[in-house]
Amino acid sequence: MSVRLKLTLWYSAVLAMTLLVFALTLNFVLGHDLRASVDSGLVAKAGEVIRSIQVVGGFPDPVERVVLPNVDAFATPDTFLQAETLSGQVVAHSANMGSQLLPLSKNALAAAAAGKSHLETVGQPGQRIRIYSQPLIWRGETIGVLQVGRSLVPLDSTLDRLRVFLFLGGLLTVLAAGSLGWLLARAALVPIDRVTHAAAGVQEARDLKRRVGYRGPDDEIGRLVHTINAMLDRLQTAYNRMEEAHLLQKRFLADASHELRTPLTTIRGNVELLQRAGQANPEMQKEALADISSEAARMSRLVHDLLLLARADAGYKPEMTPVDLAAVLGEVARQGAVLAGPVRFAADDPESAGLVMGDIDALKELFLIILDNAFKYTPPGGQVSLTVRQEKHFHVVGIADTGIGIDPAEQEHIFERFYRTDRARKAGGGTGLGLAIARLIAEQHQGRITVRSEPGCGSTFSVWLPGLAEAW
Ligand code: ADP
């Protein structure tokens, strides 16, 4: 059953119930009041007649007589008067009754004998008469009964007409209200239908850029549209992010396979060369073996880096403990001195560094990647320095070189996976994964890496690590 039909039926049912209660109450109250007014009219009329009764006779006539007034003077077209003795003999009755007489019931007679008045309704439905019987008392004794009757036909027919009117009026009102409710429900539900269609359109078109159009007040419908659109916004963002991640993953896989294939091709070529002419040419054999060895080393570096990234992508997080940054930098400086080769290397006394939350091995790897790059991209005779300073709540480790530098346009890309600048390609070595790993480690430590560089002059990489809260 549609909401529209349900709403209309509920609405009509409630209205019908209300009208029914109203009609019953009106019928009861009006009927009661009308009957009460008839009764009081009868009582008043009887009082008038009784007040007009005269007693004649007495001195000098020894016999006194009770003389009834002319009852016709009190009768109206639908009010009948009748006086009778207790034995039921009619003494007088109004002319408007014709040959008919008002019945005197046993109850009325008994009440009159007891000196009480009595009210009753007699006759068939459609011909009912309300009769008020009042005892005629003279000298303390009931000598007869005065009856005042009124036909209830006008009252009954008024009430009947009222009932018919209430029934038909109620029925028509319910039908009209139901039809109007049906139209109103449609009008109220049209915006919801529109929203449903628009949302279905978005779903069918599989176009997350589409939105549900709505121009109207910020009512229930407005809020529904707003919520759906906000949901679509979030869906679109999530979908875009997923698609971006998927693309990155695909590119990463393609780059990784390519990077792995290059050394493999070199190794296979050298092996084939060795198989064909290795024995005959010891010089060539030496060169081929050196090639194989360096390519194998490059491959194992690459696989190590790939594994590290893959683990991070799978959600692996290093275990964080309070780490003495000075100790880590001391170790990095020692290894740096070994790696420096023909480049001059100077390291700050790291004693000023404090504690950070982190993983010792990951932090060492981070600094060594940047330091290794600095040595790699600095020509012999150049200078590399390792410094540490504090800025607000951060420890800032700076690794500066006087090397080949990085073009400003390339600086934002060097942290991407497999990205290598043309200058670096010429310089050889490297996998293009080092800085991607370095950034990942920095982010895992709630830190970041910034770079300042000028082509031909050198670069400075700064690693920002938040200090341990207790240390500040
Ligand atoms: P790679 O293995 O090629 O060094 P990285 O991810 O470590 O890969 O670095 C990405 C690129 O950033 C490098 O190829 C190089 O072009 C550039 N780069 C990184 N460090 C320096 C530096 N100290 N001086 C100049 N270029 C740098």
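By class, the shell around the ligand holds 10 nonpolar, 8 polar and 3 charged residues; Ala, Val, Leu, Ile, Met, Phe, Trp, Tyr, Cys and Pro count as nonpolar, Asp, Glu, Lys and Arg as charged, and the others, Gly among them, as polar. The model is predicted, with local features needing pLDDT of at least 70 and side-chain atom pairs pLDDT 80 or more, while totals for chains, interfaces and linings use all residues. Residues are numbered from 1 along each chain as its sequence is written, and side-chain values use heavy atoms, without hydrogens and water.

In total, 21 residues surround the ligand, the closest being Y377, R420, T421, T431 and L435; a residue belongs here if one of its heavy atoms lies within 4 Å of the ligand.

An N or O atom in the side chain of Y377 is 2.8 Å from a ligand oxygen, and one in the side chain of T421 is 2.5 Å from a ligand oxygen. D401 places a polar side-chain atom 2.8 Å from a ligand nitrogen. Taken alone, the ligand exposes 520 Å², of which the protein buries 99% (Shrake-Rupley method, 1.4 Å probe).

Helix 7 gives the largest share of the shell, 3 residues. Helices are DSSP runs of H or I, at least four residues, numbered from the N terminus.

Domain 1 (3-158) and domain 3 (321-471) come from an automatic or database domain assignment. Their C-alpha centres lie 117 Å apart.

Note on methods: A polar contact is a pair of N or O atoms within 3.5 Å; within protein, one must be able to donate a hydrogen and the other to accept it, and residues adjacent in sequence count only if both atoms are side-chain atoms. Helices (H or I, at least four residues) and strands (E, at least two) are DSSP runs, numbered from the N terminus.
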